[in-house]
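Here is a short report on one protein model. Keep the structure in view as you read.

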Amino acid sequence: MDGFQARGWFEEPKPQNLVEHGVGTRNMLHLTPHAGIKPFKRILNWDTLFPYVAQVVRSEKFDYRQVTEIVHNDVVLKHAIKQAAEQSIREQRFAKNGHRLLGRSISGDQDEEEEEGAKTGMSYQKILRKQEQRAVAILKEMGSTLNNTLLRITSWLLYKLLPCFLSGVVTNTKQIEMLKRASERAPDTPLIFVPLHRSHLDYIMVTFILTNNDIRSPLVAAGNNLQIPVFGSLLRGLGAFFIKRKIDPVEGKKDVLYRAALHLYLTHALKQGHNVEFFIEGGRTRTGKPCMPKGGILSVIVNAFMDGSIPDALLVPVSVNYERLVDGNFVREQKGEKKVPETFKKAISGIWKALNSNYGLMRIDFNEPYSIRELVNSYNQIAREDGSNKIYKPASKTLQHSQSTSSLYGTDVVCEEHRNLIESISRQVVFDCAEATSVMSTNALAFLLLTRYRNGGEEQQIASALDDLRNSLSGCKDMGFSGESSHIVAYACDLLGSDLVTRTRDENGRIFIRAVPSVESCIELGYYSNMLTPHFAQSSILMTTFHALLPAPEIADNVADQSTGVSRKKLIDSALENCLVYRYEFILNKPTQVLESMLQKQLDDLIVSGFLRINETNELNCERNIRRMAQSLDIDLGEDDDDYQHVGDSKQDLADMIYPVTETLEQQRYLCEVLAPFASTYVAVAQALQILHRSSMLESEFIGFVINDISNKVKNGSCAYAESISTDSVRNCLKLLEKWSVIEVCNQRGMRLISLNTLYEMSRDSLNTIVQKIEAVLPKFNAGHFRQQMFKDLSA
């Protein structure tokens, strides 16, 4: 009966998609396991005629308890209300009397409170009642009304509407079974679903899949910008609880009451057995690659475990991908234009447009759950091995410290002591999600068009390149498509549309494919391409660093000298420095992994793949490689070989040298191009720092200046990457410069001002050093071996 497919007499068969989804997966839109269950009680069984109705009616129902009332009666919330009232009085005193009364304690007699409150025009009791009313309003606005009835109705509607614009919602059947087993083994342990956020459709699709596979639907954290008429109520009934996009309305001033309400709502939801879903990036990715994680909600969940409120929780990283994004694109925002706010009219217009379009496949992957308890133990083990005293220990309930309402982390202790733990877990979740995201056909085509075929190529050439890409990703990434590459290329072109990709046929009948040469098209294609960018990031950094360090080739009789190379140690050390430049752009390794070891392995892979070479005739090099591999496998080969231990420096240097391979120089260039758009953006930001000399500037104005500068460079041809026009990357670079203490950021009346640090203000040479440091990650295609290859191609 598992996976039984039935179609009602009133349903027309859907045309078969040109590209099949991956092996071991199923299309949820065609699965109705609760319909057509045999043996039939009668010949005309109603569920064979109405399979979708049978599916939603027979799916398992759960007890979804409301927690708003529980939170309202919590003593911690009452304390937060009192604290907020006291804070309000302090602010009124300060506004009227300035610093004279600022230092006076607010914890004195209530008569004194009322006397001082009366002076400001409002009594303490009135302020307290006002904060109580605000607490009720916060919980009413925040609370979810998750219920089985609306889940049923919405499931049926989705079964009917999704096929209008999606050819499939694909999941891996083994992953669903894994979630069921996890729920059955530990029914009292909440599942915490943590998807990467791509589309507004993400909010309901995880719920849709879980509901129809008899897994408890989660409460979903949603931004309050989605509280629009009709749709806000619908989302609330499907499990959404709404939180403010900006918790503290005034920079530097904590909203004590709101933070306490949110913390308590989540904690009590977990205690009541609710599963929870939240987007760890905070918002939808505008670039197509994962954003840096935000640990606020995760910290509340970890805190609930640390203080004994829940025995454990299972984190489930969820990877979501679309062949074509239902939300449209983020070109306007990347160009620096303001985001258009969500409205009822905009929502209706978007739904109507979606229902009359084709967005291809949607793929959802549920990764293996991991226990917060086990994660904490793992990080503690690493801390012990490193000799650190930072050991995270859950406190028993009897020894539980008093909760503070002044932090979203739930307690001041958590906010400080567990901050590193929260950051480590959140980075691991994002890394695992990115690794497990399936590659869709449009991702692969966009990646090839923006790296190997920026000027276009014949369809057969691109299909051959797609074969190479699929082979290189085999065993590393799951493919969201299958079939012949030539069919996949044609299918992806049709799906992306003529606004992004053109297909023309010449007089010989050959089809030529190329990306539309406009800024908007390249930015949107970059979104799809960037799904693969993190996978190749380490290789791209290594290759770019290698060619930057490689001495210029000496030419003799039109043949480049290939005897020049770069020492392995120097290459790895320089690559580690360049990785730091991208610290806010990519998560290159898990907190439990050593980046240097990963770069060493990636370098070995480049050598095996023929991109680089070593001195193969040197016997010492072979022995060193064997020892390096044995060390990675924890095999002890002994240290008896004196010749190895006391080898001369010159032989060591020779053994460690890495050399270029001329035959694969073109492929090396493609690898460098993977991160070239990001490097171009970073260099533009670094060069623009000159305008901050002896003057501060609004951050928004500086970002606008940089975006304009890159746009002009793209127009005049000095920048080859239109997708470098990215406000997200500009902001990430500013975070890096702030981390390096190159710039200072201060808030004045809600506005962010940036200025140069004193050292860089006084010394232009110091600023030039920063520019050169960032320029090191930019590929030099007009120098060295790349330049020689260019002249060779021109002469040919």
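## Aromatic rings

This is a predicted model. Start with one aromatic cluster, formed by Tyr582, Phe586, Phe678 and Tyr682. The count of aromatic pairs comes to 13. One of these pairs is Phe62 with Tyr64. Their ring centres are 6.2 Å apart, and 55° separates the planes. That pair is tilted. Phe62 has a relative accessible area of 17%, so Phe62 is buried, because buried means under 20%. Tyr64 is buried as well, with a value of 9%.

Now turn to Phe241 and Tyr265. Their ring centres lie 5.5 Å apart and their planes meet at 40°. Why is this pair called tilted? Planes under 30 degrees apart count as stacked and those over 60 as edge-to-face, so a pair at 40° falls in the remaining class, tilted. This pair links distant parts of the chain, since the two residues are 24 residues apart. Phe241 sits in strand 5 (residues 240–243). Tyr265 belongs to helix 11 (residues 256–271). Are these two residues buried or exposed? Both Phe241 and Tyr265 are buried.

Look next at strand 2, which covers residues 168–172. How many of its residues are buried? Five of its five residues are, and the strand is mostly covered. Gly168, Val170 and Asn172 point one way from the strand. Val169 and Thr171 point the other way. Residues on both sides are buried.

Strand 2 pairs with strand 1 (residues 25–27). Three bridges join these two strands, and the sense is antiparallel. Here Arg26 stands opposite Thr171. Strand 2 is also joined to strand 8 (residues 361–366), by four bridges. Strand 2 and strand 8 run parallel. In this pairing Gly168 stands opposite Leu361.

Strand 17 spans residues 657–660 and is joined to strand 15 by two bridges. Val566 stands opposite Ile658 in strand 17.

## Helix 24

Helix 24 has 14 residues, 595–608.

Which residues of helix 24 are buried? They are Leu595, Met598, Leu599, Gln600, Leu603, Leu606 and Ile607. After the helix comes Gly610. The phi of Gly610 is positive, near 90°.

## Cysteines

How many disulfides does a search of the whole structure find? The count is zero. Cys746 has 33% relative accessibility, which lies between the 20% and 50% cut-offs, so Cys746 counts as partly exposed.

Technical notes
Residues are numbered from 1 along each chain as its sequence is written. This is a predicted model: local features need pLDDT of at least 70, side-chain atom pairs count only at pLDDT 80 or more; totals for chains, interfaces and linings use all residues. Side-chain values use heavy atoms; hydrogens and water are left out. Two strands pair if DSSP finds at least two bridges between them. The expected span of a helix is 1.5 Å times one less than its number of residues. Buried means under 20% relative accessible area, exposed over 50%, partly exposed in between (1.4 Å probe, protein chains only). A disulfide is a pair of cysteine sulfur atoms within 2.5 Å. Rings of Phe, Tyr and Trp (its six-membered ring) pair if their centres lie within 6.5 Å; planes under 30 degrees apart count as stacked, over 60 as edge-to-face and the rest as tilted.
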